[in-house]
Amino acid sequence: MLNKDFLWGGSTAANQIEGGYDEGNKGDCISDHLTGGTLETRRCFTKRIDPQKNYPSHEAVDFYHHYKEDIALFAQMGFKVFRMSIAWSRIYPTGEENEPNEEGLKFYDDVFDECLKYGIEPLVTLHHFDMPYLLVEKYQGFLNRKVIDLFVKYATTVFERYKNKVKYWLTFNEINFACIPMGNLEVLGIYHEKTKDYTEPYDNLQDRYQALHHVFLASAKAVRIGHKINKNFKIGCMIAHVTLYPYSCHPQDMLLAQKTDHLFNDFCGDVQVRGYYPYYIKEYFKENKIHIIKEENDDVLLKKGCVDFYSFSYYMSNCISCQEGLETSMGNLLGGVTNPYLKSSEWGWQIDPEGLRYTLNKLYDRYQIPLMIVENGIGAVDVKDANNLIHDTYRVEYIKKHIEQMKRAVDDGVDLKGYMMWSPIDIISSSTGEMKKRYGLIYIDRDDYGNGDFSRYPKDSFYWYKKVIDTNGEIL
Ligand code: BGP
């Protein structure tokens, strides 16, 4: 049974939903430089914005102008919580101004007021793949310690401004993306001059882990300051948990799965929850000749800036094997070996509801602090019929099965505070930049070629999710 105050809702990110990329004095950020792509054609990162190219974040689904309508629809579904992110470059357009941009601050005031009007708790991510672009060019993002202070200035500004409106915060979205080369740009803000394709960047392990160290410090400092500004703040970490199984019971598969799990899924959470680097990373650093340059107080700071809760995204699982030549699968950030017992989504992500129960138990066992699922959903092609109806039974099926397993984990004893599906309305896909890959409970009239008038249409899943929330997950 779920608690009465269980936080049901949905989750979004500024760069995928807002649009209005040059309105209200917003500066451009990393995602404003990413072109649209498909499953077959990768997105590109361009240093200059090229008027001939399509950059989906520029208009996204125009939440910037539709937020009232959207939040009213979330309220109609009975949302208790709405996860969104603040675009850093709306508050500090280049990241370096001394004074924040009032228009940007006002926009989020209005959004939060709208949520609170309906009794919806905003849960806010400070950094979701959208560092102000100037910081990439000038400093190579978090590779430079100066960016820690710039981030902390931004965090302090929004904590102060919204201290009576927002209680739940996340510092960095999917921070562990930085544990694979592709995370260089979107999490760390590193775009090396030798990089040709940001999805396969020139990768310098020393730089990547040094920059990640700075991100840990930025997060820890923000947690400390947040708690000083309002002792009731609950500030969490956010991990992309790609659940990994050994492909076979061969001891070498077991060991490789354990190691990959540590390095990808566990490392960042271990630092942010426990406040120190775990033992296994020291060996990895030694093997790879990585030497983290620390200042005197860094370790103390990490220890003092532990998060209050652990949040994560869960879409899928993958297998790990030391055998070569096995069939492989794609995934949310991390691919792996295909699991013969699972089916995949149209974009090749393996669907594994029971893996969610397994993961919740693993995480609670590991950390013993409250957990939140802040992303879970399925990207699919939806068809709107002549009556503007969208029969997305596959989405209902996906979410239903995951909620069933989530409830079982709560019965197992896991302290789970909330479930935020991804995403309440169709938004731009992060990996492919498409509109076609839809996650929403609400359909948006917009395609990959800029057609459509942004009208909103509830899908069948909208009415289904409303019932789920109304019954606190009893009727699925
Ligand atoms: C996560 C991101 C989100 C979101 C989601 C779905 O990695 O935090 O921003 O987009 O994945 O992924 P995609 O849009 O690539 O299908």
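Let's start where two helices touch: Tyr-209, Leu-212, Phe-216 and Ser-219 in α8 meet Phe-267, Cys-268, Val-271 and Gln-272 in α9. Sorted by class, this contact of α8 with α9 has six nonpolar and two polar residues, and no charged ones. Keep in mind that this is a predicted model.

Two packed helices are described by the angle between their axes and the distance between the axes. Here, α8 spans residues 205–229 and α9 spans residues 251–274; they pack at an angle of about 35°, and their axes are 10 Å apart. The crossing of this pair, α8 and α9, is right-handed.

Now to the ligand. Around it are 14 residues, of which Glu-174, Ser-430, Ser-431, Lys-437 and Tyr-439 come nearest.

How much of the ligand's accessible area does the protein cover? On its own the ligand has 380 Å², and the protein covers 98% of that.

Two backbone details are also worth a look. Trp-422 and Ser-423 are joined by a cis peptide bond, with omega about 0°. Ser-423 belongs to the loop between β14 (416–422) and β15 (442–444). Elsewhere, Lys-289 has a positive phi of about 55°, although this residue is not a glycine. Lys-289 sits in the loop between α10 (279–287) and α11 (298–304).

Technical notes: Residues are numbered from 1 along each chain as its sequence is written. This is a predicted model: local features need pLDDT of at least 70, side-chain atom pairs count only at pLDDT 80 or more; totals for chains, interfaces and linings use all residues. Side-chain values use heavy atoms; hydrogens and water are left out. Axes are lines fitted to C-alpha atoms, for helices over the stretch in contact, and angles run from 0 to 180 degrees between N-to-C directions. Helices (H or I, at least four residues) and strands (E, at least two) are DSSP runs, numbered from the N terminus. A crossing is left-handed if the near helix is turned anticlockwise from the far one by less than a right angle, and right-handed if clockwise. Contact means heavy atoms within 4.5 Å. Ala, Val, Leu, Ile, Met, Phe, Trp, Tyr, Cys and Pro count as nonpolar, Asp, Glu, Lys and Arg as charged, and the others, Gly among them, as polar. A residue is near a molecule or strand if one of its heavy atoms lies within 4 Å of it. Accessible areas come from the Shrake-Rupley method with a 1.4 Å probe; for residues, only the protein chains shown count as cover.
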